[in-house]
Amino acid sequence: MEELEEIYLEFEDKLKKTVAAMKREFATLRAGRANPSMVEGLEVEYYGTPTPLKQLASISVPEPRLIVIQPWDKSCIKDVEKAILKSELSLTPNNDGSVIRLNVPPLTEERRQELVKFVRKKAEEGRVAIRNLRREVNDRLKKMEKESEISEDMCYSAQEKTQKMTDEHINELDKIAEAKEKEIMED
């Protein structure tokens, strides 16, 4: 049935977006190791317009604990520095006039535990979001059954497929969270 396929496609799309959002969120977490994604999305005031850092500079990681930011327009180096200081990264930029260096210090055990708790909290929020999407789909399916658009058997098998899709994406989310926890706990 065409409408069922449409529901599945929409559901799959929303599930993928939820998982992708979680990946992006985890990528910005500092795990004691330098990673360009930590700073790529920082908004820099560039001629009065908030602009993502990755559109203004090349970002590289020459060493495991060092991020080097090289703005293409040297006149915006102070603005980049200001954006880093305003961010929640807790990193101090070293500016030599043409590049900014960010030293990423190793994490303390206490900070690692806090980050792991944060990862678990975010993963749970992701699981809840996925379950809410499942509930919406199941409600639509029940409504279609009630209005005799689909049979009881079709509704049941559609709900089973919905559950299977939900389980797959929750497992994917759990694997991502587990990998991030592992990354945070190792030095």
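Analyst: Here we take those words one by one, keeping in mind that this is a predicted model.

User: Let's start with the whole chain. What makes the protein chain "more spread out than a compact globule"?

Analyst: First, the inventory: the protein chain has four helices and six strands, and along the sequence they come in the pattern α-β-β-β-β-α-β-β-α-α. Its radius of gyration is 22 Å, whereas the globule rule gives 16 Å for 187 residues, so the chain is more spread out than a compact globule. The C-alpha trace spans about 70 × 40 × 25 Å along its principal axes.

User: How much of the protein chain is buried?

Analyst: Buried residues make up 39% of the 187 residues.

User: Okay, now a single residue. Why is Thr 51 called buried?

Analyst: Buried means under 20% relative accessible area. Thr 51 comes in at 10%, so it counts as buried. You'll find Thr 51 in strand 2, which covers residues 49-52.

User: Which residues does Thr 51 touch, leaving out those up to four places away in sequence?

Analyst: Thr 51 touches Leu 42, Glu 43, Val 44, Tyr 46 and Leu 56.

User: And how do you know that the side chain of Thr 51 has a polar contact with the backbone oxygen of Thr 49?

Analyst: Check the distance: that backbone oxygen lies 3.0 Å from a polar atom of the Thr 51 side chain. The cut-off for a polar contact is 3.5 Å, so the pair falls within it.

User: Where is Ser 148 found, and why does Ser 148 count as exposed?

Analyst: Ser 148 is in the loop between helix 3 (109-146) and helix 4 (152-185). With 63% relative accessibility against a cut-off of over 50%, Ser 148 counts as exposed. Ser 148 is not a glycine, yet it has a positive phi of about 60 degrees.

Methods:
Residues are numbered from 1 along each chain as its sequence is written. This is a predicted model: local features need pLDDT of at least 70, side-chain atom pairs count only at pLDDT 80 or more; totals for chains, interfaces and linings use all residues. Side-chain values use heavy atoms; hydrogens and water are left out. Helices (H or I, at least four residues) and strands (E, at least two) are DSSP runs, numbered from the N terminus. Buried means under 20% relative accessible area, exposed over 50%, partly exposed in between (1.4 Å probe, protein chains only). A polar contact is a pair of N or O atoms within 3.5 Å; within protein, one must be able to donate a hydrogen and the other to accept it, and residues adjacent in sequence count only if both atoms are side-chain atoms. Contact means heavy atoms within 4.5 Å. The radius of gyration is taken over C-alpha atoms; the globule rule is 2.2 Å times the number of residues to the power 0.38.
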